[in-house]
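Subject: Structure handover, with notes on salt bridges and a cavity

Hello,

Here is the structure you asked to look at. Please open it first, then read the notes below.

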Amino acid sequence: MTNGSRAIKALIIAAAVLAPAHAGFSAPQSLRSMITGGVTSQPIGHYEFCQSLPQECALRNRPSTPPKVTDHGWSVVRDINVSVNHAIVPMTDAEIYGREEVWAYPVDLGDCEDFVLLKRKKLMEAGFSAADLLITVVRKPDGEGHAVLTVRTQSGDFVLDNLNDDVKLWTETRYAFLKRQSSTDSGRWVTIENGTSDVLVGALQ
């Protein structure tokens, strides 16, 4: 396939899942987006992931407004969340690798961040931009750290979670949101300013 053909294919895919502001999913006015702050520390697992796959962390984007997602796009998001949740057997890094904090694309076993990486990859292949698919670190009500995928949209920020097959608005979860990837630099992380006070985050187990 030529570069021109690849570009056309990518545009066709993107058009199917993203739409102008007047089209697609209509959400209540109450939906909100996360407010991000300054640069913060990169999780060690993500740093090592970037060292092994530098192209994954070298994506740069200009600041942009979150996109409007079509009905088909929402279907793709939900289907990918469920399919990955059911395809990968949850297992800790210590059980799989014999050490903590190993971030990798899973084959059949994986920790929470591995689920996130695979969902992000599949959504990018489906036409979503890396700028709108952000690995996010949260704290569960029991205090345990956890990783989810945030999808930025004009209707708000939505969470794909390996502990829940439902795609939820971030404020509808019970997690405390701590930090996430920058939407302009896939190798940089920023704080979430409105994620730890009135929005508490939790998991199903």
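With which residue does glutamate 144 form a salt bridge, and how far apart are the closest N and O atoms? The partner is lysine 140, and the gap between those atoms is 2.6 Å. Glutamate 144 has a relative accessibility of 42%, so it counts as partly exposed. Lysine 140 has a relative accessible area of 9% and is buried, because buried means under 20%.

Please keep in mind that this is a predicted model.

Salt bridges

Some of the others are described next.

Glutamate 48 and arginine 99 meet through their side chains in a salt bridge, at 3.6 Å from N to O. Glutamate 48 belongs to helix H2 (residues 44–52), while arginine 99 sits in the loop between helix H4 (93–97) and strand S5 (109–110), so this pair ties together parts that are 51 residues apart in sequence. Glutamate 48 is partly exposed, at 34% relative accessibility. Arginine 99 is partly exposed too, at 44%.

Aspartate 157 and arginine 180 form a salt bridge through their side chains, with 3.2 Å from N to O. Aspartate 157 is in strand S8 (residues 156–161) and arginine 180 is in strand S10 (residues 176–181), so the pair ties together parts that are 23 residues apart in sequence. Are aspartate 157 and arginine 180 buried or exposed? Both are buried.

There is also a network of salt bridges, which links Arg60, Asp185 and Arg188. Asp185 comes up again below.

The cavity

How many cavities of 30 Å³ or more does a search of the whole structure find? The search finds one. The largest cavity holds about 40 Å³ of space.

Its lining includes Leu59, Asn61, Arg120, Ala130, Ala131 and Leu134. Also among the lining residues is the run Gln181, Ser182, Ser183, Thr184, Asp185 and Ser186. Sorted by class, the lining of the largest cavity has four nonpolar, six polar and two charged residues.

Regards

Methods
Residues numbered from 1 in each chain as written. Predicted model: local features only at pLDDT ≥ 70, side-chain atom pairs only at ≥ 80, totals over all residues. Heavy atoms only, no water. Salt bridge = Lys/Arg side-chain N within 4 Å of Asp/Glu carboxyl O. Helix = DSSP H or I, 4+ residues; strand = E, 2+ residues; numbered from the N terminus. Buried < 20%, exposed > 50% of the residue type's maximum accessible area, 1.4 Å probe, protein only. 1 Å grid on protein atoms, 1.4 Å probe; cavity = no way out; pocket = protein on both sides within 12 Å on 5 of 7 lines; lining within 4 Å. Points joined across faces, edges and corners; volume = space filled by probe spheres on them. Nonpolar A, V, L, I, M, F, W, Y, C, P; charged D, E, K, R; others polar.
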